[in-house]
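Subject: Handover of a structure

Dear colleague,

Please find below the structure that I am handing over to you. My notes on it follow directly after.

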Amino acid sequence: MSSRSTSRWPGRSWKSRIAVRSAAMTCSRRGAATRSTGVLGQADEPMYGYQIAKRLENGGGLLAGKQSALYPVLRNLDAAGLLASEVEPSVAGPPRRYYRITDQGREVLRAWGESWNETRTFVDHVLQGTRQ
């Protein structure tokens, strides 16, 4: 591992870093995973799947009409340790699974943000070069 990789994951063993990256990359929909983690990163309290789906739909149409596609992503993020969940009874209907972002999830979200910024900067430079 390069020193750059290590600096993004201070205090983490190489096995832990690989596991987190692998889990993040194997989510069935990386965009949904990133946005779901982002929504929960901004939330003041845990949210259940339908709330997350609605927030994603209102924020740009992601998963419009395909809310069921979100649940496997949430389960994968939960299994990877990026989210934590618990089931609570509901006054109307079946019990609901509430999700919240974990400290590890915040680290990964920060790393995804850094990666996005690096990619955006690179693309901006490429596009500026083609305009000249």
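I begin with the strands. Strand S2 pairs with strand S3 (residues 96-101) in the antiparallel sense, over 6 bridges. Please note that this is a predicted model, in which local features need pLDDT of at least 70 and side-chain atom pairs count only at pLDDT 80 or more, whereas totals for chains, interfaces and linings use all residues. Residues are numbered from 1 along each chain as its sequence is written, and side-chain values use heavy atoms, with hydrogens and water left out.

Two definitions apply here. Helices (H or I, at least four residues) and strands (E, at least two) are DSSP runs, numbered from the N terminus. Two strands pair if DSSP finds at least two bridges between them.

The protein chain holds 6 helices and 3 strands, and its elements follow the order α-α-α-β-α-α-β-β-α from the N terminus. The 3 strands make an open antiparallel sheet in the order S1-S3-S2. Strand S1 (47-48) and strand S2 (83-88) are at the edges with a single partner strand each, so one side of each has no neighbour in the sheet. S1 and S3 are joined in the antiparallel sense over 2 bridges.

Tyrosine 98 in S3 is the bridge partner of glutamate 86, and tyrosine 98 is also the bridge partner of tyrosine 48. Alanine 84 lies in strand S2 and stands opposite arginine 100 in S3. Leaving aside neighbours within four places in sequence, alanine 84 is in contact (heavy atoms within 4.5 Å) with residues including Asp78 and Thr102. The C-alpha atoms of alanine 84 and proline 46 are separated by 9.2 Å, with the two residues 38 apart along the chain.

Helix H5 (residues 70-79) lies across S2 and S3 and runs at about 115 degrees to S2. For such angles, axes are lines fitted to C-alpha atoms, for helices over the stretch in contact, and the angles run from 0 to 180 degrees between N-to-C directions.

Which residues does threonine 37 contact, leaving aside its neighbours within four places in sequence? They are Leu77, Ile101, Gly105, Leu109 and Trp112. Threonine 37 belongs to helix H3 (residues 30-42) and, at 1% relative accessibility, counts as buried. Buried means under 20% relative accessible area, exposed over 50%, and partly exposed in between (1.4 Å probe, protein chains only). Of the 132 residues in the protein chain, 34% count as buried.

The whole structure contains 2 salt bridges, a salt bridge being a side-chain nitrogen of Lys or Arg within 4 Å of a carboxyl oxygen of Asp or Glu. In one, the side chains of glutamate 57 and lysine 54 meet at 3.3 Å, N to O. These two residues are 3 apart in helix H4 (residues 49-58), and therefore separated by about one helical turn. Glutamate 57 counts as buried at 19% relative accessibility, whereas lysine 54, at 29%, counts as partly exposed. Glutamate 114 forms a salt bridge with arginine 110, and their closest N and O atoms are 2.7 Å apart. Glutamate 114 and arginine 110 are 4 residues apart in helix H6.

Phenylalanine 122 also has its place in helix H6 (residues 103-131) and counts as exposed at 55% relative accessibility.

Yours sincerely
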